[in-house]
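Hi everyone, thanks for making time today. Have a look at the sequence and the structure on the screen, and I'll walk you through a few features.

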Amino acid sequence: MPRVLLSPDKFKGSATAIEVADALAEGIATAAPSWDVVRLPVADGGDGTVDAAVAAGWDRVPVSTTGPTGTPVDSSYARRGATAVVELASTVGLSLLPGGAPNALDTSTFGLGTVIRHALGDGARTIVIGLGGSASTDGGAGMLRGLGVRILDARGREITGGGAALREAATLDLDAMTSAVAGVSFQLACDVDNPLLGPAGATAVYAPQKGAGPDAVRVLEQAMTRWAEVAGAAHADRPGAGAAGGTAFGAMAVLGATVRSGIDTVLDLVNFRRRLASADLVVTGEGSLDEQSLHGKVPVGVAQVARDEGIPVIAVAGRITLALDRLLDHGIVRSYSLADLEPDLAASMRHAPTLLQRIGATIATSYFTEGVS
């Protein structure tokens, strides 16, 4: 009886990772009801990271916080023992902008700090922060303020608000935070290597994607330059410091955070290697399997670990632009695309669960009978 491990990421705009796994499992069950199917959805460290941990057995802890513009939002983090998994996207992410309207200069990571503070108060001594999907460019200053840090201007007045306000930053007061984070380990799940400043930095590369025009980009670069001088310029050039609008920089400089690949972090959080040990086949996937997938995305990360254990991997995606020989290079032996069943993109996204069920049934009826092609 084949044992199949389903470890997909979300199909953005169509289905969560859990829904993708459920649809594939339903399709497999219709064609091969005797198969042992295990669902273990994963993520790359961005949105869906907390859900993946919860699906793997972690406890979900609900918490009220504020979104990127300060409006109240309901969020949660995952907890197991003394470790908490916090997800930036579910607290101050782009999807939480009121009405979807960008606000590049004034958005903040303050709500992320509120969630971290809640986890610390609940006894967490290791905090894993999934970075990705940030709506702000504030260098993590808001996050630190949420933890009790006071950012002061030259007159000793406290600075609040978003990234632009940091042009006036002069000093930091860490007194209210120091005891809360003493002995706490902060780990960042991150796959970008951008520094905080310069043409490859957080502002130049990512702020335009958050609605910043040329003038706003100049303001934010000035603000991040000043913020680096105040918080710790030595960290500004570190690979990954520019992640999530520079949130990684703030965490590195003030919290002593370390950085690790997002997919590797999540695979450890969900005990992927242990679940993999008895599998005959792994099915993974994401919305688009393309060049970007080769740089820290779920299907390739899953496949590389499985290949090391000699377990074949099938990838499923909404669309696939990579040739099979390139997929084979990364341990993916076969792939299926929703676009092959429904070429119309809008219809494919709308009917993704049904199409995934069909692919699940196809895998069940063909893979072990036909072998790898």
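This is a predicted model: local features need pLDDT of at least 70, side-chain atom pairs count only at pLDDT 80 or more; totals for chains, interfaces and linings use all residues.

If you take the contacts with a separation of 6 or more, 71% of them come from residues 24 or more positions apart.

Now let's look at a pair of helices. How do α8 and α9 pack? Helix α8, residues 214–231, and helix α9, residues 243–255, pack at an angle of about 15°, with axes 10 Å apart. Angles under 35 degrees count as roughly parallel, so α8 and α9 are roughly parallel to each other. Their crossing is left-handed. On the α8 side we find W227, A228 and A231, which meet F249, A253 and V254 of α9. The residues of this contact are six nonpolar, with no polar and no charged ones.

My last stop is helix α12, residues 298–308. Is it mostly covered or uncovered? It is mostly covered, with eight of its eleven residues buried. Among the buried ones are V298, P299 and V305. The elements covering them include helices α10 and α11, along with strands β11, β12 and β13. Just after α12, have a look at G310, which takes a positive phi of about 75°.

Technical notes
Residues are numbered from 1 along each chain as its sequence is written. Side-chain values use heavy atoms; hydrogens and water are left out. Buried means under 20% relative accessible area, exposed over 50%, partly exposed in between (1.4 Å probe, protein chains only). Helices (H or I, at least four residues) and strands (E, at least two) are DSSP runs, numbered from the N terminus. Contact means heavy atoms within 4.5 Å. Axes are lines fitted to C-alpha atoms, for helices over the stretch in contact, and angles run from 0 to 180 degrees between N-to-C directions. Angles under 35 degrees count as roughly parallel, over 145 as roughly antiparallel, 65 to 115 as roughly perpendicular and the rest as oblique. A crossing is left-handed if the near helix is turned anticlockwise from the far one by less than a right angle, and right-handed if clockwise. Ala, Val, Leu, Ile, Met, Phe, Trp, Tyr, Cys and Pro count as nonpolar, Asp, Glu, Lys and Arg as charged, and the others, Gly among them, as polar.
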